[in-house]
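Trainee: I'd like to learn how to read a model like this one, feature by feature. Can you walk me through it?

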Amino acid sequence: MFAVVRTGGKQYRVAAGDKIAVEKLAGEAGDTITLGDILLAGEGDTLSDAGKVTVSAEIIAQAKSEKVIVFKKRRRHNYRRKNGHRQQMTLLRITDVGTGSAKKAAPKKEAAKQDDAADQQAAPKKEAAEKKAPAKKAAPAKAAAKKTADKK
């Protein structure tokens, strides 16, 4: 079975066992992730419902792609600039292309635990804020009344 997935603004045709290099994804080597944006799926000449298909992959490594040289020049103005860039990328091994047998990524579970801890810490702060009495704003009105009386 094959699928066409979109990640990092590019589209890849993948099947079980394929190795692909994609734009950097969160995770470490050995983590299992699910590629969510599936555009097309099928087997041989037949196509199946892409909404029911899941693609799971294992991160092989986080790496850098080949260096790209950026050279700028303006003739007769003594202007030359040379720069290089290496894009971050993730190497993936597609483990499964099928219907509903994918596992979710481990980093997402850790993020959910952190959100729960943050909610528990925020709750006592809200209670303390509710116990405070609102400040009275009557003092400025009295001062304004005294000024008008002085002018008369």
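Mentor: Let's go from the overall layout to the core, the strand pairs and then the charged pairs.

Mentor: Two ground rules before we start. This is a predicted model, where local features need pLDDT of at least 70 and side-chain atom pairs count only at pLDDT 80 or more, while totals for chains, interfaces and linings use all residues. Residues are numbered from 1 along each chain as its sequence is written, and side-chain values use heavy atoms, with hydrogens and water left out.

Trainee: How many helices and strands are there in the protein?

Mentor: Helices (H or I, at least four residues) and strands (E, at least two) are DSSP runs, numbered from the N terminus. Here you get 2 helices and 10 strands, and the pattern along the sequence is β-β-β-β-β-β-β-β-β-β-α-α.

Trainee: Which residues have the most contacts inside the largest nonpolar core?

Mentor: The general idea is that in soluble globular proteins, nonpolar side chains tend to be buried together. A nonpolar core is a set of buried Ala, Val, Leu, Ile, Met, Phe, Trp, Tyr and Cys residues joined through side-chain atoms within 4.5 Å. The largest one here has 18 residues, and Val-14, Val-55, Leu-92 and Ile-94 have the most contacts inside it. Several strands each supply at least two of its residues, including S1 (2–7), S2 (10–15), S3 (19–23) and S10 (88–99). S7 gives the most, with 4 residues.

Trainee: What does Leu-92 contact away from its sequence neighbours?

Mentor: Contact means heavy atoms within 4.5 Å. Leaving aside neighbours within four places in sequence, the partners of Leu-92 include Ile-20, Val-22, Ile-33, Leu-35, Ala-57 and Ile-59. Across the protein, 68% of the contacts between residues at least 6 apart in sequence join residues at least 24 apart.

Trainee: Is Ile-20 buried or exposed?

Mentor: Ile-20 is buried, with a relative accessible area of 13%, and its place is in strand S3. With residues up to four places away in sequence not counted, Ile-20 touches Tyr-12, Val-14, Thr-90, Leu-91, Leu-92 and Ile-94. The C-alpha atoms of Ile-20 and Leu-91 are separated by 5.9 Å, although these residues sit 71 residues apart along the chain.

Trainee: How many bridges join S7 to S10?

Mentor: Two strands pair if DSSP finds at least two bridges between them. S7 and S10 run antiparallel and are joined by 11 bridges, with Thr-54 opposite Gly-98 in S10. S3 also pairs with S10 in the antiparallel sense, over 5 bridges, and there Lys-19 stands opposite Arg-93.

Trainee: What about the hairpin of S8 and S9, and which residue takes a positive phi there?

Mentor: S8 (residues 68–74) and S9 (residues 79–85) make an antiparallel pair over 7 bridges, and the bridge partner of Phe-71 in S9 is Lys-82. The hairpin has 4 residues between the strands, and Arg-76 takes a positive phi near 60°.

Trainee: How many salt bridges does a search of the whole structure find?

Mentor: Side chains of opposite charge can pair when their charged atoms come close. A salt bridge is a side-chain nitrogen of Lys or Arg within 4 Å of a carboxyl oxygen of Asp or Glu. The search finds 3. One of them joins Arg-6 and Asp-37 at 2.8 Å, N to O. Arg-6 lies in strand S1 and Asp-37 in the loop between S4 and S5, so this pair ties together parts 31 residues apart in sequence.

Trainee: And which residues form the others?

Mentor: Lys-10 and Glu-23 meet at 2.8 Å, N to O. Lys-10 is in strand S2 and Glu-23 in strand S3, so that pair ties together parts 13 residues apart in sequence. Glu-58 and Arg-93 meet at 3.6 Å, N to O, linking strand S7 to strand S10 across 35 residues. Glu-58 is partly exposed at 26% relative accessible area, and Arg-93 is partly exposed at 30%.

Note on methods. Buried < 20%, exposed > 50% of the residue type's maximum accessible area, 1.4 Å probe, protein only.
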